[in-house]
Amino acid sequence: MKNDKKQNQYRVNEQIRVREVRVVGDNGSMVVPTRQALDMARQQGVDLVEISPNAQPPVCRLIDYSKFLYQQKKRAKELKAKQVKIEVKEIRFGPQTGENDYAFKLKHAKEFLEEGNKVRAYVFFKGRSILFKEQGEVLLLRFANDLEEYGKVEQLPLLEGKKMAIFIAPKKAGVAKKSQQKLDRERREAEAREQAKGTQTETATDSTQPDVDMPANGGLFANAKISPEALKKLKGEE
């Protein structure tokens, strides 16, 4: 049934009943009476296939109809393969995520966005940690701010049950993954930075929240409604 529907999309041979057609081929095109075009098709042992019925006059090709359908199917398959499939990658945080874990997840989020995927980052509050929901909001806003070069915020932190999530979309279409050489270089650079600054841990107190440079005009959070408390914490104010 599907193949029959595909075949009926095109008029072939005697189904073409206009007075004249434009026959296109490797050597150019020419307008001839439809009867002459049919004679040309018979002489070459192929079909007269109407490929553009709305043109004036309609455009046809001299080609074996089965071969023509195969070419159309192959072309559609190639176009589908080239389309970028956007997936939503999830990244989970705790309300008191340490710096090493944060840097590791930030790196993965950059890779996801560079590949054209969306990122849903969320903080999971277990038990009494729900008391630190403001701290989770600050963490997610910091995360989005660090990804400003790679993505744009589609949804600001929203608390649903025990999860507070933020959605970040890629700024550009998916690109090829980085070469292994580049990945290894970035890994070595990251390790060097970690060794230089030593192992740091993030405490649950507000005074130890990391400073984040917020864009003064526009930027990632332009037109975004952020709670005053979270904004103060992002700017390092008391």
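This is a short tour of one predicted protein model, stop by stop.

**Before you start**

Residues are numbered from 1 along each chain as its sequence is written, and side-chain values use heavy atoms, with hydrogens and water left out. Because the model is predicted, local features need pLDDT of at least 70 and side-chain atom pairs count only at pLDDT 80 or more, while totals for chains, interfaces and linings use all residues.

**Stop 1: the whole chain**

Show the chain as a cartoon. You will find 7 helices and 8 strands; these are DSSP runs numbered from the N terminus, with helices being H or I of at least four residues and strands E of at least two. Of the 238 residues, 32% count as buried (buried means under 20% relative accessible area, exposed over 50%, partly exposed in between, with a 1.4 Å probe and protein chains only). Take contacts between residues at least 6 apart in sequence: 62% of them join residues at least 24 apart. Contact here means heavy atoms within 4.5 Å.

**Stop 2**

Now select residues 99-114, which are helix α4, and residues 133-146, which are helix α5. Two packed helices are described by the angle between their axes and the distance between the axes. Here the axes come within 11 Å and cross at roughly 45°. That makes α4 oblique to α5. Axes are lines fitted to C-alpha atoms, for helices over the stretch in contact, and angles run from 0 to 180 degrees between N-to-C directions. Angles under 35 degrees count as roughly parallel, over 145 as roughly antiparallel, 65 to 115 as roughly perpendicular, and the rest as oblique.

Show the side chains next. From α4, the residues E99, Y102, K105, L106, A109 and K110 meet L139, R142, F143 and D146 of α5. This contact divides into 5 nonpolar, no polar and 5 charged residues (Ala, Val, Leu, Ile, Met, Phe, Trp, Tyr, Cys and Pro count as nonpolar, Asp, Glu, Lys and Arg as charged, and the others, Gly among them, as polar).

**Stop 3: aromatic rings**

The whole structure holds 5 aromatic pairs. Rings of Phe, Tyr and Trp (its six-membered ring) pair if their centres lie within 6.5 Å; planes under 30 degrees apart count as stacked, over 60 as edge-to-face and the rest as tilted. Select Y65 and F68: this pair is stacked, 6.3 Å centre to centre with 15° between the planes. Y65 and F68 are 3 residues apart in helix α3 (residues 65-82), so about one helical turn separates them. Both Y65 and F68 are buried.

Then move to F93 and F143. Their ring centres are 5.0 Å apart and their planes are at 75°, so this pair is edge-to-face. F93 lies in strand β5 (residues 88-93) and F143 in helix α5, so the pair ties together parts that are 50 residues apart in sequence. Both F93 and F143 are buried.

**Stop 4**

Most residues other than glycine have a negative phi, and most peptide bonds are trans. Select Q56 and P57: the peptide bond from Q56 to P57 is cis, with omega near -5°. P57 sits in the loop between β3 (47-52) and β4 (59-63).

Finish at N13, in the loop between α1 (2-7) and β1 (20-25). N13 has a positive phi of about 50°, although it is not a glycine. Is N13 buried or exposed? With a relative accessible area of 19%, N13 is buried.
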